[in-house]
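Here are my notes on the model you sent.

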Amino acid sequence: MTKQKTILSGIQPSGKLHIGNFFGAMRQHIRMQEEGDAFYFLANYHSLTSVNNGELLEEYTRDVVLDYLALGLDPEKCTFFAQSDVPQTAELAWILGCLTPVSLMEKGVSYKDKIANGLNPNIGLFTYPILQAADILIYHSDLVPVGEDQKQNIEICRDLAGKLNRAYGSELLKIPEDYIVKNVATVPGIDGRKMSKSYDNTINIFAEGKALKKRVMAIETDSTALEEPKDPDSCNVFALIKLFADKENTDEIAGKYRAGGYGYGHAKKELLGLIEGYFAEARDRRKELEKNPDYVNDVLREGGKKARERAEQVMEPIREATGLFRSFKY
Ligand code: ADP
Ligand code: TRP
């Protein structure tokens with residue numbers, strides 16, 4: 001029997017999850033739990049780069065767990081856990097950091113992007129890709145399904161794994177293949193920039209009622225008059241409609257844009273209905289799960305235990321090879 005591939009991915013619990021996260025990442029994670037030995041985690045150490053409020057971080061973490069479970073992640077089929085339950089990750093990140101030239105981090109586009117958009121330029125944010133590399137390498141991962149925006153971080157990870165192996169022994173870390181989720185364009189936010197928790201431009205997966213309507217109605221459009229023909233391909237509302245509607249419906253709406261007499265208000269109402277329908281079942285499931293907070297704890301405890309065991313197997317030979325003195329074993 002061939003060994004199953006280890007699939008690994010993480011998501012930051014640094015705010016409510018949005019439809020960009022869903023189409024760019026979560027949907028693939030849920031699909032891929034069927035295809036290999038999948039490890040999915042809440043990147044809460046990473047969230048500390050932008051969230052400095054303990055209560056809030058805990059709340060976001062629980063929310064993300066509920067979101068994933070409601071959307072179909074099955075803890076029987078994958079290992080679902082919190083990054084902070086695997087301290088070996090931080091340990092490996094330090095060692096990798098000592099092999100990382102500052103100039104490599106200075107090329108980080110995601111850091112530049114984040115500070116250009118108002119995030120606090122702390123050292124955690126600057127060295128974020130090193131911790132991400134440790135997340136991946138500590139499980140000897142084969143495949144890392146992430147959105148296009150994470151491509152550079154995966155390249156940095158491969159680069160750092162090579163550096164550690166060259167310095168200390170070629171078998172210590174496995175170099176993962178990158179697995180960029182194709183055919184998902186970056187989902188635009190309501191202001192047209194990349195939808196992101198950090199930019200206050202999101203539509204949350206589980207928003208509902210008035211709050212959801214308000215967000216959808218706030219999507220920025222140009223000022224073409226209602227009766228004028230419009231170009232669907234340059235419209236943020238249409239970019240979102242395409243994600244939810246089937247091909248036939250998408251073509252029909254594109255036709256209405258081009259014909260004129262169809263306003264952005266109409267398109268927004270269409271989108272609102274589509275979002276409500278698409279997540280209706282998951283929304284009900286989430287409400288059920290919310291009633292049982294112990295279940296979330298149980299899932300994370302079990303997942304954390306499995307992840308820690310795997311991480312320790314990878315970490316132990318690295319401690320030895322790097323000459324780090326240890327008077328105890330876990
Ligand atoms: P955010 O930018 O909201 O903080 P994260 O950086 O935590 O989101 O991203 C979590 C996952 O969701 C990543 O794999 C990322 O590629 C994906 N993702 C985030 N925003 C988008 C988007 N607007 N379009 C497509 N995928 C996205
Ligand atoms: N940087 C990722 C993001 O913003 C989250 C993440 C942290 C991650 N560590 C990871 C993704 C390891 C994949 C693998 O989405």
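1. The centres of domain 1 and domain 2, taken over C-alpha atoms, are 34 Å apart. Keep in mind that this is a predicted model. The domain assignment sets domain 1 at 6–185 + 292–322 and domain 2 at 207–278. Contact between them involves four residues of domain 1 and four residues of domain 2.

2. The largest nonpolar core has 57 residues. Ile19, Leu71, Phe80, Ile203, Ile205, Tyr257 and Leu271 touch the most other members. Helix 3 (residues 54–71) gives this core its largest share, seven residues. Both domain 1 and domain 2 contribute residues, so the core lies between them.

3. Now the helix pair. Helix 4 (residues 88–97) packs on helix 8 (residues 128–137) at an angle of about 125°. Their axes are 8 Å apart. Angles from 65 to 115 degrees count as roughly perpendicular and those over 145 as roughly antiparallel. The two helices are therefore oblique to each other. The crossing of helix 4 past helix 8 is right-handed.

4. On the helix 4 side, the contact is made by Thr89, Leu92, Ala93, Leu96 and Gly97. Helix 8 supplies Ile130, Leu131, Ala133, Ala134, Asp135 and Leu137.

Notes:
Residues are numbered from 1 along each chain as its sequence is written. Chains are lettered from A and ligands numbered from 1 in the order in which they are written. This is a predicted model: local features need pLDDT of at least 70, side-chain atom pairs count only at pLDDT 80 or more; totals for chains, interfaces and linings use all residues. Side-chain values use heavy atoms; hydrogens and water are left out. A nonpolar core is a set of buried Ala, Val, Leu, Ile, Met, Phe, Trp, Tyr and Cys residues joined through side-chain atoms within 4.5 Å. Buried means under 20% relative accessible area, exposed over 50%, partly exposed in between (1.4 Å probe, protein chains only). Helices (H or I, at least four residues) and strands (E, at least two) are DSSP runs, numbered from the N terminus. Domain bounds come from an automatic or database domain assignment. Axes are lines fitted to C-alpha atoms, for helices over the stretch in contact, and angles run from 0 to 180 degrees between N-to-C directions. Angles under 35 degrees count as roughly parallel, over 145 as roughly antiparallel, 65 to 115 as roughly perpendicular and the rest as oblique. A crossing is left-handed if the near helix is turned anticlockwise from the far one by less than a right angle, and right-handed if clockwise. Contact means heavy atoms within 4.5 Å.
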